[in-house]
Amino acid sequence: MEIKAKKTTGGIIVAAGKTSDRDQRQPLWKIGSITAVKRIVLSFQQVEISPIVVITGSETGEIEHDLADYGVIFLPNKQYENSQMFDSAKIGLRFLQNKCDQVLFNPVNIPMFTPETLRKMMECRAKVISPSYQGKGGHPLLLASELIPKILGYNGSLGMRGAIRSLGIEREWMDMDDEGVLRDMDDIDRLDLLLKKHNQHILHPFVRISIEKECLFFDSRTKLLLLLIQETNSVRSACRHIALSYSKAWNMLNGLEQELGYAVVERKHGGSKGGKTYLTKEGVEFMEKYQQFELKVRQYAKDEFDRLF
């Protein structure tokens, strides 16, 4: 019997509100003791969605601070004042193209769907999937990555809805016992009623993995820095995506190389746009080993947590 490989799923959270919008601070509104955007990130992480991309606008600095330890990638929509949600979605889709098999897209004002809803959607084989509750459609939206080029090419006035219609593919509606797929931040009283149930769904072990000698020299932030250098061939660009200063990034890289005893990055100078930075062969091998180690540790932690609790 052929065993189908598990699909990889990336996530996009649009949190790029306009300054003039009365709801511009919705990403940072607290539901319970955590912000709306962090609640969505936790739900995504529960079902191993990675990478998670957060599109920011007027509250970029505050959102980056709120999620600094959660291993997400920040992509600013510099035109957020004069653009629509679909424009922010395109920024995320461009970044995730060719990085995963499918993508979950969600606006930050819908924060209370459960990880179980996400899991059921991710296991479905349809190319366009939306959840519903008691016959009403909701969020998030799941898209097969093969559709991304056509969606990026849509320039009509109907946003994501129009882009999906232009694909000529029937959307799969999955009915869920999850009121959270409908409730947005305008219905804060109803969200509060769902809070206890949602907190139970996002209960999980949060494992921080680091490598140390006399002091820490590699952790999740260093890992994300290396992954983004591999993606962008630029330390400066990588820093912009994870709210890290350029000088701090080089301190981290130099410290890592000193502790490991070999070069992790290679700098090539020249060209009209300046030099580029790449991971060395040893750097790539180190990352591959670390990711295997991290995967096994997290899986063990999850299995033991489920068994004991």
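Where in the chain is P51 found? P51 is found in the loop between α1 and β4 (52–56), where helices (H or I, at least four residues) and strands (E, at least two) are DSSP runs numbered from the N terminus.

## Basis of the model

This is a predicted model, in which local features need pLDDT of at least 70 and side-chain atom pairs count only at pLDDT 80 or more, while totals for chains, interfaces and linings use all residues. Residues are numbered from 1 along each chain as its sequence is written, and side-chain values use heavy atoms, with hydrogens and water left out.

## Overall form

The chain holds eleven helices and 14 strands. Its radius of gyration, taken over C-alpha atoms, is 20 Å, close to the 19 Å that the globule rule gives for 309 residues, so the chain is as compact as a globular protein of that length; the rule itself is 2.2 Å times the number of residues to the power 0.38. Along its principal axes, the C-alpha trace spans about 60 × 55 × 45 Å.

Of the 309 residues, 48% count as buried, a term that here means under 20% relative accessible area, with exposed set at over 50% and partly exposed in between (1.4 Å probe, protein chains only). Among contacts (heavy atoms within 4.5 Å) between residues at least 6 apart in sequence, 68% join residues at least 24 apart.

## Surface and charge

The chain exposes about 16500 Å², of which carbon and sulfur atoms supply 48%; accessible areas come from the Shrake-Rupley method with a 1.4 Å probe, and for residues only the protein chains shown count as cover. The mean positions of the 43 positive and 40 negative charges are 4 Å apart. In that count Lys and Arg are positive and Asp and Glu negative, whereas His and the chain ends are not counted, and each charge is placed at NZ of Lys, CZ of Arg, CG of Asp or CD of Glu.

The buried residues of α1 include the charged-type side chains K38 and R39, and among the others are A36, V37, I40, V41, L42 and F44.

The helix is followed by E48, which lies in the loop between α1 and β4. Phi of E48 is near 60°, a positive value in a residue other than glycine, and at 43% relative accessibility E48 counts as partly exposed. In this loop, which also contains P51, a cis peptide bond joins S50 and P51, with omega about 0°.

## Helix α6 and its packing

Helix α6 (residues 159–166) has G159, M160, G162, A163 and I164 as its buried residues. These buried residues pack against α3 (85–96), β6 (102–107), β7 (128–133), β9 (141–144) and α5 (148–152). After α6 comes G168, whose phi is positive, near 75°.

Phi of N98 is near 70°, a positive value in a residue other than glycine, and at 75% relative accessibility N98 counts as exposed. Another cis peptide bond joins H139 and P140, with omega about 10°, and P140 is found in the loop between β8 (136–137) and β9.

## Individual positions

T117 has its place in helix α4 (residues 115–123) and is buried, with a relative accessible area of 2%. Its side chain makes a polar contact with the side chain of D178 at 2.6 Å; a polar contact is a pair of N or O atoms within 3.5 Å in which, within protein, one must be able to donate a hydrogen and the other to accept it, and residues adjacent in sequence count only if both atoms are side-chain atoms. Not counting residues up to four places away in sequence, T117 touches P131, M176, D178 and V181.

Q26 has its place in the loop between β1 (9–15) and β2 (30–31), and at 6% relative accessibility Q26 counts as buried. Leaving aside neighbours within four places in sequence, Q26 is in contact with A36, N109, M185 and D186; A36 is also one of the buried residues of α1. A68, by contrast, lies in the loop between α2 (60–66) and β5 (73–76) and counts as partly exposed at 30% relative accessibility. The C-alpha atoms of A68 and G32, 36 residues apart along the chain, are separated by 20 Å.
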